[in-house]
Amino acid sequence: MTNRLWDALMAPHVESDAALLIRADGRRISYREMARLSAGIVLRLEAAGVRPGDRVAVQVEKSPEALALYLATIRAGAVFLPLNTAYTPAEVAYFVGDAEPAVVVCDPARLEATRAVAGSAHCLTLDAEGRGPLTDGAADDDHTVPRDGSDLAAILYTSGTTGRSKGAMLSHDNLRSNAETLVGAWRITKDDVLLHALPIFHTHGLFVASNSFMMAGAAMIWLPRLDPGELIPLMPQATVMMGVPTFYTRLLDRPDFTRDTAAGMRLFVSGSAPLLAETHRAFEARTGHRILERYGMTETNMNTSNPYEGERRAGTVGPALPGVEVRITEGATEVAPGEIGMIEVRGPNVFQGYWRMPEKTAEELAADGWFTTGDLGTRDADGYVTIVGRGKDLVISGGFNVYPKEVEMLIDEQPGVLESAVIGVPHPDFGEAVVAVVARQKGADPDPQAIIAALGERLAKFKQPKRVIVVDELPRNTMGKVQKAALRAEHAGLFAP
Ligand code: AMP
């Protein structure tokens, strides 16, 4: 038996001196060096007590060594459990208590706080420069623990905006199959160079970006975070960028981001949150590139993608990826093309269930393999999927369903509006009232009354906002997702009797 994921990502390249990572200052780490670095970490994880199947929880800054730690965990036959660097010790306590890792790796600055919540787990450190006991010393042995396709490779906790955060269990084959699919769909080859400015504690930066580029034997310019001033001068060395929508709006804010900057690029990919059609158009006008938008989630990896060749439709997430089935349902039946329903997916990309939550798993992942995503959407006659929002963001006002996206799209067309978030707020008569939180364009002062009046002609009464609140910007998390739960909490008392 071999190790399914290591064999697909790294084994073919371990003798290669081609660059895997390129730092902002130009220093390179080859595939051969990365393999060696990971071999040393395997030894030290094992010395700390890690056995096949054990969880290795990791809350560290992004560095080449952090990627090596991920690879080493896979090689040791263990389960990688990355944690958002923004999580507080109290949050880490929950994940560690739930997942019971053998080892927790943290930044040295957090060692004491981590120890206090780590229970019997062994605590090790890795700093932002990749230094610490895991990377200290030689790799005088090089081995990889056998794992088959159904063994777990990773547990990623969902962001958990409602209720407890759930650990999504991903197998070697879940990750391997999706990387294969993306390499094919996006034509990734060893000649590609990715601008990698995403965090690697999330599926986007770790699996979508890193796994597919390693599988192809390609290179990644490894940036700790998005800093447009740093990224723009590096773009002429790259061929592909993957980002969340805020990457694109932040690039567009920069006058030094021009058609020339992007001239050598062949692909820009966006995901993790909806890309405004307006951003898509503005990006094309500036650079001549049409951003390719795709849709996935922690539990499923990538489900749909606009085509590499063929029409990339702004505002849609494209058709199902090869090997992935998508259906749109209402209750137990599929809806007609163009109608809104629940997006369900099935395929080798779909996870194994939620860690130690058999009931939650049974609710969302059916025995025949269909997973209920929680996203509402439509699919048109030629298969393109459009997401209209999370099911839990649906507003029910006076007993009628209001899909936030329909209202947001009309508000976004109004003068002075950059973007908007439509939420449901408790209301004594209607149950919930539609409220629009509107982010103004720089220097503009959109008029709430004018917005309500403009919608009056275009939307049924029950869909119209009862209140429009103008703000400078919408609250977002690190993956660019608008925090609707936070907005609902902030405005919960708006119609209190
Ligand atoms: P996460 O598990 O953090 O990756 O979040 C997954 C969720 O992000 C999905 O269920 C969608 O609600 C949302 N999402 C991901 N990609 C897109 C996209 N291209 N457009 C709209 N929403 C998206």
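This is a predicted model: local features need pLDDT of at least 70, side-chain atom pairs count only at pLDDT 80 or more; totals for chains, interfaces and linings use all residues.

Colleague: Which residues of H4 are called buried?

Modeller: In H4, residues 89-99, they are Val92, Phe95, Val96, Asp98 and Ala99. The label requires under 20% relative accessible area, so these five residues of H4 fall below that cut-off.

Colleague: What makes you put them on the same side of H4?

Modeller: Their arc around the axis is only 165 degrees, which is why they share a side. The face turned away from that side carries Ala90 and Gly97, which are exposed.

Colleague: What do the buried residues of H4 pack against?

Modeller: Strands S3 (55-59), S4 (79-82), S5 (103-106) and S7 (152-157), plus helix H5 (111-117). Packing here rests on contacts, meaning heavy atoms within 4.5 Å.

Colleague: Zooming out, why does the radius of gyration agree with a compact globule?

Modeller: A compact globule of 497 residues would come out near 23 Å, and the protein chain has 23 Å, so the two agree. The C-alpha box is roughly 75 × 50 × 45 Å along the principal axes, and 56% of the residues count as buried.

Colleague: And how many helices and strands does the chain have?

Modeller: The protein chain has 14 helices and 24 strands. Of its contacts between residues at least 6 apart in sequence, 66% join residues at least 24 apart.

Technical notes: Residues are numbered from 1 along each chain as its sequence is written. Side-chain values use heavy atoms; hydrogens and water are left out. Helices (H or I, at least four residues) and strands (E, at least two) are DSSP runs, numbered from the N terminus. The radius of gyration is taken over C-alpha atoms; the globule rule is 2.2 Å times the number of residues to the power 0.38. Buried means under 20% relative accessible area, exposed over 50%, partly exposed in between (1.4 Å probe, protein chains only). The arc is that of the directions from the helix axis to the C-beta atoms.
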